[in-house]
Amino acid sequence: MQFEPKWIAWEITRRCNLHCIHCRSSSEEVVNDHPDPKTEECLRIIDDITSFAKPVTVLTGGEPLLRKDFFEIAKYGTQKGLRVCLATNGTLVNDEICQKLKEVDIKMVSLSLDGPNEDIHDDFRKQKGAFKATVNAAKLFKKYDIPFLINSSFTKRNQNTIPEVYKLAKELGATAWYMFMIVPTGRAEELINELINREDYEKILNWHYDMEKNEKDILVRPTCAPQYYRIILERSKKEGEKFERRTLKFSTGGSKGCIAGQLICLINVDGDVMPCSYFPIPAGNIKKQSFKDIWENSELLKNLRNFSSYKGRCGVCEYLNVCGGCRARAYCLKDDYMEEDPYCKYIPRRHIEGHFS
C-alpha cells in the first residue's frame, strides 16, 4: 500500500455558531485560546502542501464560512491545484454564498444531518432552527447545481432513525450519504455512555450492506466503521454475490477501513497534523516542520502504517489489511492506538487457534 496524502481536512477556524454535542473540535462562538490562522499563514500552508501533494482539501472548522477571507483562501487553493471542498453546518448558506462557491470552484460541500426531523437534529446541534437551515442549504445547493454530500452522526439517542435519515438524504438530492459512527473525542467525550453498543453496531453495518447492495441513486458509506470491509468480504463470499462499490470522485476510494495517517489527515487551527479528524495525538506541526517532513517521517504515522505491530485481535486478524480497526477508537477507549478496536466483536481464526494450541 502506498502512503500518499489523498484527503486532508483543514480546520481554518474553531469558531462556530452552533454548539453540537458531538463536536470533535469542541468549537465555540468565541475562541480566544485558539485564534484563527491569519490569511497569510493559510496561503503559506497551501504553498507547503502543494509543494508535496495535491490532495482533496476540505476547509472545515468550526464553521469556515464565519471567516471573512474564506473565499480568498478557497480560490488560492484551487489556483494551486487543490481540489477544494467545504464542510459547513448550512446555517449561513444563502444565494450570495452559493454564487461565490461557484466562482471559486468548490468541488463538493458536506452538510450535517443528524436526524430526520427538527426535534432530533436540533437536539444534536443544540440550536433551534438548525434542521431547517440544513434543509434550506441543500435546496440552495440543488438550485445552483453545487454537488453536496450529507454526513450523519449516530449515538444511542438517534440510532433508530438511521433508515429515515438515509431516506431524507436521498430526497434532498445529496450526491452521497456518509453514516458516521461517533468516536468519543472533543466534546463527544461526554457521550461515552451514549455510544452505540457492539451488537447494534454490527447489526447497523449489516443493514448498511443490504441497503448499499441495492442502492443505485446515491453513493453511501459508513465512516469510522472499518469492520464494514470485513462484513463485505464475509457476506459476499457467503452469499455468492459480487459486491460492487461505487466511489465518490472526491474521496479516498473506499478500498480499506481505517486509513488514518495512511491516506488522510487533519490539520487543526493550531497547525497540528493529526492522523484523522478523531485522532487526538499530533504527528507534528506545520508551523515548525514542512507537511512533507511530517507525512514521511513522523514516528506516529510510521506506527499506524506498520500493520505487523498492531495488537490484540487486530494484530492476528485475517482482515487486518482491509479493515485495520479504528485507531482513534482504540486510543480513546483503550488508551493505546495500536490496540485492538474495542468495537469489533469478530474473533479471528488465529486468535482462536492461539487459545487452543
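**Figure 1. Surroundings of Phe 141 in the predicted model.** Phe 141 touches Val 93, Cys 98, Leu 101, Val 109, Leu 111, Ile 146 and Phe 148, leaving aside residues up to four places away in sequence. The structure shown here and in the other views is a predicted model. Phe 141 also belongs to the largest nonpolar core, which has 102 residues. Within that core, Phe 141 is listed with Trp 10, Phe 70, Leu 101 and Trp 177 as the residues with the most contacts.

Figure 2. Strand 6 comprises residues 176–181, and six of the six are buried, so the strand is largely enclosed by the rest of the structure. Ala 176, Tyr 178 and Phe 180 point one way from the strand, whereas Trp 177, Met 179 and Met 181 point the other way. Among these residues, Trp 177 is one of those with the most contacts inside the largest nonpolar core.

Figure 3. Strand 5 (residues 148–154) runs parallel to strand 6, and six bridges join the two. Asn 151 has Tyr 178 of strand 6 as its bridge partner. From strand 5 the chain passes through helix 6 (residues 162–171) to strand 6, forming a right-handed β-α-β crossover. Strand 6 also pairs in the parallel sense with strand 7 (residues 219–223), over five bridges. Here Phe 180 has Thr 223 of strand 7 as its bridge partner.

**Figure 4. Helix 8 and its packing.** Helix 8 contains 13 residues (residues 227–239); at 1.5 Å a residue it should span 18 Å, and its end C-alpha atoms are 18 Å apart, which agrees. The buried residues of this helix are Gln 227, Tyr 228, Tyr 229, Arg 230, Ile 231, Ile 232, Arg 235 and Ser 236. These buried residues pack against helix 7 (198–214) and strand 7. Just after helix 8, Gly 240 adopts a positive phi of about 65 degrees.

**Figure 5. Helix 1 and the elements that cover it.** The buried residues are Thr 39, Glu 41, Cys 42, Leu 43, Ile 45, Ile 46, Asp 48, Ile 49 and Thr 50. Their cover includes strand 1 (7–11), helix 2 (70–79), strand 8 (264–267) and helix 9 (291–297).

Methods: Residues are numbered from 1 along each chain as its sequence is written. This is a predicted model: local features need pLDDT of at least 70, side-chain atom pairs count only at pLDDT 80 or more; totals for chains, interfaces and linings use all residues. Side-chain values use heavy atoms; hydrogens and water are left out. Buried means under 20% relative accessible area, exposed over 50%, partly exposed in between (1.4 Å probe, protein chains only). Helices (H or I, at least four residues) and strands (E, at least two) are DSSP runs, numbered from the N terminus. Two strands pair if DSSP finds at least two bridges between them. A crossover is right-handed if, with the strands pointing away from the viewer, the path from the first strand over the helix to the second runs clockwise. A nonpolar core is a set of buried Ala, Val, Leu, Ile, Met, Phe, Trp, Tyr and Cys residues joined through side-chain atoms within 4.5 Å. Contact means heavy atoms within 4.5 Å. The expected span of a helix is 1.5 Å times one less than its number of residues.
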